[in-house]
Amino acid sequence: MLLVVAHPTIGAALATLLGMEARYEVVRVQSLDQAEAALKHWRPDAALVDGLLLKVGPAPRIEAPSYVLSGSAADGQGLVRRLPDARGWLRKDATAEELRAAIDAVLTTPARGPRRRTLATASAVALSILAIVAAFTWAWAVR
């Protein structure tokens, strides 16, 4: 989880909330430049970006689902367009449950992925069983 928040107290509070359950690896930075530097070496699964930073500088190229942190709906909805993979906005004073729900919504694997994996696994098992049956049938016929 990339957390881009300029205000030290708000950033620390959000990082603490996110880290309490040890469900997310949180990398916290205080500027868009620091975010760009972090993104050169690490790809987050999701990001929370302070809307105030988006107002004053170019949006970082975060290749992950993102939320804009804002104090108002009008600002949040307007700034969402600045991030390529923004999923919406959250209040800066969001509760731990609101943060968790938003983050978990973007971290949840789409239904198509597991179904494809399950189908591939089932196909591999079926082919293996057919190969074993064919080998036993051939061995029995050769006797």
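An axis here is a line fitted to C-alpha atoms, for a helix over the stretch in contact, and an angle between two axes runs from 0 to 180 degrees between N-to-C directions. Please bear in mind throughout that the model is predicted.

**The sheet**

Begin by selecting the strands. There are 5 of them in an open sheet, in the order E2-E1-E3-E4-E5, and their pairing is parallel. Strand E2 (27-29) and strand E5 (86-91) stand at the edges; each has a single partner strand, so one side of each is left without a neighbour in the sheet. On average, and with direction ignored, neighbouring strands of this sheet are turned by 20° against each other.

Next, select residues 47-50 and residues 66-70, which are strands E3 and E4. These two strands run parallel and are joined by 4 bridges. Within this pair, Val49 has Val68 in E4 as its bridge partner. In general, strands of a sheet pair through backbone hydrogen bonds, either parallel or antiparallel.

How do the axes of H1 and H5 cross? They come within 10 Å and cross at roughly 70°. Angles of 65 to 115 degrees count as roughly perpendicular, and H1 is therefore roughly perpendicular to H5. The crossing of H1 past H5 is right-handed.

Display the side chains where the helices meet: Leu14, Leu17 and Leu18 in H1 contact Ala96, Leu99 and Ile103 in H5. By class, this contact has 6 nonpolar residues, with no polar and no charged ones.

**A salt bridge**

Finally, select Asp75 and Lys55, whose side chains form a salt bridge at 3.2 Å, N to O. Asp75 lies in helix H4 (residues 73-79) and Lys55 in helix H3 (residues 51-56), so the pair ties together parts that are 20 residues apart in sequence. The whole structure contains 6 salt bridges.

Technical notes
Residues are numbered from 1 along each chain as its sequence is written. This is a predicted model: local features need pLDDT of at least 70, side-chain atom pairs count only at pLDDT 80 or more; totals for chains, interfaces and linings use all residues. Side-chain values use heavy atoms; hydrogens and water are left out. Two strands pair if DSSP finds at least two bridges between them. Angles under 35 degrees count as roughly parallel, over 145 as roughly antiparallel, 65 to 115 as roughly perpendicular and the rest as oblique. A crossing is left-handed if the near helix is turned anticlockwise from the far one by less than a right angle, and right-handed if clockwise. Contact means heavy atoms within 4.5 Å. Ala, Val, Leu, Ile, Met, Phe, Trp, Tyr, Cys and Pro count as nonpolar, Asp, Glu, Lys and Arg as charged, and the others, Gly among them, as polar. A salt bridge is a side-chain nitrogen of Lys or Arg within 4 Å of a carboxyl oxygen of Asp or Glu.
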